[in-house]
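Thanks for coming. I will walk through a few local features of one model, with the structure on the screen.

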Amino acid sequence: MLTDTSTAAGRAILLQDRYPTLDELTDTAHRLAARHPRRCRVRTLGTSRAGRPLQLLSISPDDGPGDRPDASPGTDHVLVVSGAHADEFSGRAGLVELAHRALARPARHPATTWHLLLCLDPDGAHLARGGLLSRTLPAYFAGYYRPAADEQPEWAPAIGGRLPESRILLDLIDELRPALQLSLHTADVGGTFLQATADPTALAAPFARSAAALGIPVETGSFDTHRLPAVGPGVFLMEPHHIDTQENTTGMLAPGAAAPDGARAATWFAPRRHGGRTVVVEVPAWTSDRLGDPAPVPAADAERHLRAAADHLRERGRQLPGLPAGLPPHDSPLLRAARTQLTALRRLADAWDPYTADRPLLPPPLLTRAHLAGIDLWAHRIPVRAAALLRRATPDPRPAALLHTWCAHYRHRFRPTWLPVTRQAAHHANTAEAAAAAPRLP
């Protein structure tokens, strides 16, 4: 770790083992720019729907041209995005560590200008701030918030959403023409994995080394990646048609709601028009060692497991109260968010059940123990998310009781272990540096 404790964000990460707040992250960016005025620049790109600023810290590899480090000639531009999902906090710590590395070791990437977008969704982060200091799953979900699908700036363009935050990111990509965009994500429970829009084979070895050195299990069976080709353990290639199929299953890309180009319109694929690529990095807040077993599962066992997971979701869905009747379709961010999770719950149950699915999830010979564990994890995660959002959104007392019980089941099933924030940050930074150093595709 090269992060120091001379800024509030550094103290939070290194001394207090917590994620920095957005105010601490912003303060750190300005302090670094004040210390290194010829290498750093902070600028406001625009404002969110609620008027909160989206800020960018740019760091050049040398003294640069005065007050425009982002304009250094002859360098590749790497854009790193934090806060794409409001409930995911590790990217903030990863940005702080990466900024300190870029400033302390410019010779490691002598042709790279780093652009660090502090938070893509500050409005969502404001609503999710109650989970920032949590060290247990019940505390994390007590303050839980993840926006509705069409209110997530990174994804919204894929389903026709027109958010100012999405427009700011797309305009920034067109301005910088980055050779690489990195999107830093967090899973509540699980392991680490990455997805890339161009062949990520060169990342497989450094990604595995970083995970092993930091004691982070590699997740090979996340349901996020079931339809993606793997080029190594936990390393996946994503194409728009793969993402369309996957997100239609989860309800994130509901029929009739998609943009004409589907996932191709998502911000992940925007760098392609300038010859660039995107790498999405997932790092867990709590680790579980159940998600990496590559052993194949016999077809009959896989079918039983899928049916059981579908039944589990349906049973929990029956226990959840419905959304209050008579509410207008656009009522509150929390209720809109709850609708997304309830939609995912219903659609996943139908997609997993071998007797109701229009198309089998995967041919059974391809399912591994890791795949089934990943399905099991989602079968626990989605109802917990729905209960957490309903608890905050409605006066009904039932979601609170369900949340308490289901969090206990989630913990019992996956035995999550807190991963110190320093290690979350280091893995994000290690992967970002490896991606920046990887050969650029023609």
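**Helices and surface**

Arg31 is partly exposed, at 42% relative accessibility. This is a predicted model. Arg31 sits in helix α2, and its side chain makes a polar contact with the side chain of Asp27, at 2.9 Å.

Next, the loop between α1 (8-14) and α2 (22-35), where Leu15 is placed. Is Leu15 buried or exposed? Its relative accessible area is 62%, and exposed means over 50%, so Leu15 counts as exposed. Leu15 also belongs to a nonpolar surface patch with Met1 and Leu14. Together these three residues have about 280 Å² of accessible area.

Now to α11, residues 369-393. This helix has 25 residues, and the distance from its first C-alpha to its last is 36 Å, close to the 36 Å expected at 1.5 Å a residue. Of the 25 residues in α11, 21 are buried, which leaves the helix mostly covered.

Last, α12, residues 398-414. Its 17 residues should span 24 Å at 1.5 Å a residue, and the end C-alpha atoms are 24 Å apart, so the two values agree.

Which residues of α12 are buried? They are Pro399, Leu402, Leu403, Trp406, Cys407, Tyr410 and Phe414. These residues are on the same side of α12, because they cover an arc of only 135° around the axis. His404 and His412 are exposed, on the other side of α12.

Conventions: Residues are numbered from 1 along each chain as its sequence is written. This is a predicted model: local features need pLDDT of at least 70, side-chain atom pairs count only at pLDDT 80 or more; totals for chains, interfaces and linings use all residues. Side-chain values use heavy atoms; hydrogens and water are left out. Helices (H or I, at least four residues) and strands (E, at least two) are DSSP runs, numbered from the N terminus. The expected span of a helix is 1.5 Å times one less than its number of residues. Buried means under 20% relative accessible area, exposed over 50%, partly exposed in between (1.4 Å probe, protein chains only). Patches are made of residues with over 30% relative accessible area and no salt bridge: like charges are joined within 9 Å, nonpolar side chains (Val, Leu, Ile, Met, Phe, Trp, Tyr) within 5 Å. Accessible areas come from the Shrake-Rupley method with a 1.4 Å probe; for residues, only the protein chains shown count as cover. A salt bridge is a side-chain nitrogen of Lys or Arg within 4 Å of a carboxyl oxygen of Asp or Glu. A polar contact is a pair of N or O atoms within 3.5 Å; within protein, one must be able to donate a hydrogen and the other to accept it, and residues adjacent in sequence count only if both atoms are side-chain atoms. The arc is that of the directions from the helix axis to the C-beta atoms.
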